[in-house]
Amino acid sequence: MSEQAKEQTLAEQAPDNYECRVCGYVYEPGKGDNNGNVSPGTLFTDLSNDWRCPICGARKTQFDNVGASDAPSGFQENLQFGLGVNTLTPRQKNVLIFGCLALGFLFFLSLYGLQ
Ligand SMILES: [Zn+2]
């Protein structure tokens, strides 16, 4: 590491995750790779060049940097968060939204019933 590394924020220092473009497996440095004899804390860039994806066997060159999991950056990984809402189809979202509205309306009506 160079001098430059010391001036990075904590978020920037968080190790980057790498996602397999072939199968979607995400290598997390904090977990390592049990199957590949990689101990937790090993950076993806420190993996040996003959390391393969434990799921599909893809080479390191088939992996994309998807950023640190706890850093605010990284748009690609956001797709997997939000309790899966981001991956819903527009129709599913409508059902969810209007379902909540209907529930809220019923709740509102029930307040009148109290008086
Ligand atoms: Zn893979």
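This report describes the secondary structure, the sheet and the nonpolar core of a predicted protein model.

## Basis of the model

Residues are numbered from 1 along each chain, as its sequence is written. Because the model is predicted, local features need pLDDT of at least 70 and side-chain atom pairs count only at pLDDT 80 or more, while totals for chains, interfaces and linings use all residues.

## Secondary structure

The protein has three helices and three strands. Helices (H or I, at least four residues) and strands (E, at least two) are DSSP runs, numbered from the N terminus. Read from that end, the elements follow the pattern α-β-β-β-α-α.

## The sheet

The three strands form an open sheet in the order β2-β1-β3, with antiparallel pairing. The edges are held by β2 (26-27) and β3 (63-67); each has a single partner strand, so one side of each is left without a neighbour in the sheet. Two strands pair if DSSP finds at least two bridges between them.

Strand β1 (residues 17-20) is joined to β2 by two bridges. Within this pairing, Y18 has Y27 of β2 as its bridge partner.

## Burial and the core

Of the 115 residues, 10% count as buried, meaning that 20 or more other C-beta atoms, placed from the backbone, lie within 10 Å of the residue's own. The largest nonpolar core has five residues: Y18, C20, Y27, C53 and F63. Such a core is a set of buried Ala, Val, Leu, Ile, Met, Phe, Trp, Tyr and Cys residues joined through C-beta atoms within 7 Å.

How values were computed:
A residue is buried if 20 or more other C-beta atoms lie within 10 Å of its own, exposed if 12 or fewer, and partly exposed in between; C-beta atoms are placed from the backbone.
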